[in-house]
Structures are given as structure tokens and as C-alpha cells.
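Thanks for asking me to look this one over.

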Amino acid sequence: QVQLVESGGGWVQAGGSLRLSCAASGSIFTIDDMGWYRQGSGKQRDWVADVTSGGSTQYAESVKGRFTISRDNAKRTVYLQMSSLKPEDTAVYYCYAQIRAPQTYSYNNYWGQGTQVTVSS
């Protein structure tokens, strides 16, 4: 019923920039929080950033000042603008969304399929 489709991953040199997108589709009444996690090879999945439906943002300390999260509610899309990228930012990035279903109005959490970001020295 609901899908989150990510795009924008790829390769970039250290110091460069990359923009990730994640679009929600399907049976959706409203979307509450949207955000991003990332997971490096052999490492745990760490939270990166979150944006509420009203546009309030939060960031992990490791990316604060370098990454910017935003959303377009009309397009049901969340973005992650990444700048000043470092090799340690290399990871699979997963978007998430808290979505309220029609009729029941209950919230469920959904995840994107993941997109690889590789930052080279």
C-alpha cells in the first residue's frame, strides 16, 4: 500500500555535495515525521536527521552544520542535502516516514529501500 522510494545516492569526492530524495506513495492520509538513518558496512544503523510535518528539524551531532533535511509536503518527499562530505559519511542511507492511514487514522512506520553513498578521499 505504501512505498518509500529513494534516489540520489552515488559516488562523490570528499568535500563534495550530494542530495538524496525519498518519495512516499500509496494509501496515505497524512505524513508526520520523515527522516534518515544510515548504516556503514559492518556497523549499526544510526539516526541522521528528522523533519516534522511543520518543518522542524533535528540532526545528529556528526552531521550538524553539513547536512540539511527538508520536505515538500505536496510531493510527499523528504530530502537530505549533504555538503562537506567526509569518507566517514559513506553508508547506505535509509529514509523513513511516519504515515497516518486513511479511515483508521493510525500511524505506521515505513522505510525506504536504502541508497548507497560513497565518499572517497
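Predicted model: local features only at pLDDT ≥ 70, side-chain atom pairs only at ≥ 80, totals over all residues.

1. Let me start with the overall make-up.

2. Next, burial and surface. Of the 121 residues, 40% count as buried. The accessible surface comes to about 6400 Å², and carbon and sulfur atoms hold 45% of it. Among contacts with a separation of 6 or more, 57% are between residues 24 or more positions apart.

3. Now to one of the sheets. Four strands form an open sheet in the order E1-E3-E8-E7, with antiparallel pairing. Its edge strands are E1 (2-7) and E7 (67-72), each of which pairs on one side only. From one strand to the next, the twist averages 15°.

4. Within that sheet, E1 and E3 (residues 18-26) are worth a look. The two pair in the antiparallel sense over six bridges. If you want a place to start, find Val5, which stands opposite Ala23 in E3.

5. Back to E4 and E5, this time for the turn. The two strands form a hairpin with five residues between them, and Gln39 stands opposite Arg45 in E5. Which residue in the turn has a positive phi? That is Gly42, at about 75°.

6. The next hairpin along is made by E5 and E6. These strands pair in the antiparallel sense over three bridges, and the bridge partner of Val51 in E6 is Thr57. Here too, five residues lie between the strands, and Gly55 in the turn has a positive phi of about 100°.

7. On to charged side chains. As a general point, side chains of opposite charge can pair when their charged atoms come close. How many salt bridges does the structure hold? There are three.

8. Asp89 takes part in a salt bridge with Arg38, their closest N and O atoms being 2.9 Å apart. Arg38 lies in E4, whereas Asp89 is in the loop between E8 (77-82) and E9 (91-100), so this pair ties together parts that are 51 residues apart in sequence. Both Arg38 and Asp89 are buried.

9. Asp89 also meets Arg66 in a salt bridge, at 2.8 Å from N to O. Arg66 sits in the loop between E6 (57-59) and E7, and Asp89 in the loop between E8 and E9, so the pair ties together parts that are 23 residues apart in sequence. Arg66 is buried, as is Asp89. Put together, Arg38, Arg66 and Asp89 are linked in a network of salt bridges.

10. Lys64 has 45% relative accessibility and counts as partly exposed, because exposed means over 50% and buried means under 20%. Glu61, at 62%, counts as exposed.

11. Finally, please have a look at Gly114, in the loop between E10 (107-111) and E11 (115-120). Gly114 has a relative accessible area of 17%, which puts it under the 20% cut-off, so it is buried. Which residues is Gly114 in contact with, leaving aside its neighbours within four places in sequence? They are Glu6, Val92, Tyr93 and Tyr94. The C-alpha atoms of Gly114 and Cys22 are separated by 9.6 Å, although the two residues are 92 residues apart along the chain.

Technical notes:
Residues numbered from 1 in each chain as written. Heavy atoms only, no water. Pairing = 2+ DSSP bridges. Axes fitted to C-alpha atoms, helices over the stretch in contact; angles between N-to-C directions. Buried < 20%, exposed > 50% of the residue type's maximum accessible area, 1.4 Å probe, protein only. Contact = heavy atoms within 4.5 Å. Areas by Shrake-Rupley, 256 points an atom, 1.4 Å probe, with all protein chains shown as cover. Salt bridge = Lys/Arg side-chain N within 4 Å of Asp/Glu carboxyl O.
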